[in-house]
Amino acid sequence: MILRSKILDNFNKEELKNFIIGLGVIGFFLVGMIIFKLQHNVWQGAENTDYQIYATFNRTDGLVVGDNVRMSGIDIGRVVNSVLDDDFRATLTLQIKSHILIPDDSSAAIVSSGIMGNKYIEIEPGGSEDYIAPEEEFAYTQDAMILEELINRVISLGKANRKKTCTPTVKDTEPVTNTKDME
């Protein structure tokens with residue numbers, strides 16, 4: 001109690017308020033670091049039991065390391081690495097939870113959540129009774145759809161349909177002649 005009163009006597013109210021806020025910020029930061037470390041340890045422990053498979057794509061626009069891998073809308077893993085192969089294609093390393101078995105005729109597609117949403121890999125399960133083994137690769141993949149390309153396709157289809165309906169036919173352009181005038 002005596003120590004507390006000596007500390008309080010050395011600070012005015014404003015300094016004491018700043019000191020308490022500073023202690024609170026430091027405490028909040030330490031709690032955040034502890035939570036982060038615990039979460040990181042949990043994920044590292046899971047990495048030891050999870051397995052890796054590969055998927056090769058021509059384009060991975062907007063997909064980055066750390067993005068989710070989903071099956072039926074549920075997260076089953078994440079992208080842990082991406083490299084460019086000798087044919088200039090992107091080979092992604094996917095870390096899949098150990099209890100998830102993926103049929104070997106499944107396909108992997110890069111999709112986005114919404115029009116402007118984040119990209120992720122959606123696995124469409126096949127019907128095979130055999131499963132993709134660790135360190136194997138998907139046989140079927142579908143590249144990322146680029147929004148600009150999709151919009152350009154829609155516009156060009158619209159223009160093509162418009163030309164078909166607006167272009168006059170040969171019958172419409174021929175002059176009409178009266179056969180009675182010719183006699």
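**Notes on the predicted model**

1. Start with Arg 70. Its relative accessibility is 22%, and Arg 70 therefore counts as partly exposed. The cut-off for buried is under 20% relative accessible area, so Arg 70 does not qualify as buried at 22%. Please keep in mind that this is a predicted model.

2. What does the side chain of Arg 70 meet in a salt bridge? The partner is Asp 75, with a nitrogen-to-oxygen distance of 2.9 Å. Asp 75 is also partly exposed, because its relative accessibility is 34%.

3. How many salt bridges does a search of the whole structure find? The search gives 2. Besides the pair Arg 70 and Asp 75, there is a salt bridge between Arg 59 and Asp 61, at 2.7 Å from N to O. Arg 59 has a relative accessible area of 35% and so is partly exposed. Asp 61 has 33% and falls into the partly exposed class too.

4. Now the overall layout. The chain holds 5 helices and 7 strands. In sequence order, the pattern reads α-α-β-β-β-β-β-β-β-α-α-α.

5. The chain has 183 residues, of which 20% are buried. Take the contacts with a separation of 6 or more: 65% of these join residues 24 or more positions apart. The chain exposes about 13900 Å². Carbon and sulfur atoms supply 58% of that area.

6. Leu 63 deserves a look. The residue sits in the loop between β1 (51–57) and β2 (68–71). Is Leu 63 buried or exposed? Leu 63 is buried, because its relative accessible area is 11%, and the cut-off for buried is under 20%.

7. Which residues does Leu 63 touch, leaving out those up to four places away in sequence? The list is Val 79, Leu 92, Ile 110, Lys 119, Tyr 120 and Ile 121. Strand β3 covers 74–84, and Val 79 falls in that range. Strand β4 covers 90–96, and Leu 92 falls there. Lys 119, Tyr 120 and Ile 121 fall within β6 (119–124). Ser 82 is 19 residues from Leu 63 in sequence. In space the two are 9.7 Å apart, C-alpha to C-alpha.

8. On to the loop between β6 (119–124) and β7 (140–142), where Glu 129 lies. Glu 129 is exposed, because its relative accessible area is 70%. Glu 129 also belongs to a negative surface patch, together with Asp 104, Asp 105, Asp 130 and Glu 136.

9. Glu 135 is found in the loop between β6 and β7 as well. Its phi is positive, about 70°, although Glu 135 is not a glycine. Its relative accessible area is 49%, so Glu 135 is partly exposed. The cut-off for exposed is over 50%.

10. Ala 139 is another residue of the loop between β6 and β7. Ala 139 is exposed, because its relative accessible area is 58%.

11. Phe 88 is worth checking for backbone geometry. Phe 88 has a positive phi of about 60°, although it is not a glycine. The residue is found in the loop between β3 (74–84) and β4 (90–96). Phe 88 counts as exposed, because its relative accessibility is 64%.

12. Last, a nonpolar surface patch. Which residues make it? Phe 11, Phe 19, Ile 20 and Leu 23 do, over about 370 Å². Phe 19 lies in helix α2, which spans residues 13–49. Ile 20 and Leu 23 fall within that span as well. Phe 19 counts as partly exposed, because its relative accessibility is 41%.

Note on methods. Residues numbered from 1 in each chain as written. Predicted model: local features only at pLDDT ≥ 70, side-chain atom pairs only at ≥ 80, totals over all residues. Heavy atoms only, no water. Patch = residues over 30% accessible without salt bridge, like charges linked within 9 Å, V, L, I, M, F, W, Y side chains within 5 Å. Areas by Shrake-Rupley, 256 points an atom, 1.4 Å probe, with all protein chains shown as cover. Salt bridge = Lys/Arg side-chain N within 4 Å of Asp/Glu carboxyl O. Lys, Arg positive; Asp, Glu negative; His and termini not counted. Charge placed at Lys NZ, Arg CZ, Asp CG, Glu CD. Helix = DSSP H or I, 4+ residues; strand = E, 2+ residues; numbered from the N terminus. Buried < 20%, exposed > 50% of the residue type's maximum accessible area, 1.4 Å probe, protein only. Contact = heavy atoms within 4.5 Å.
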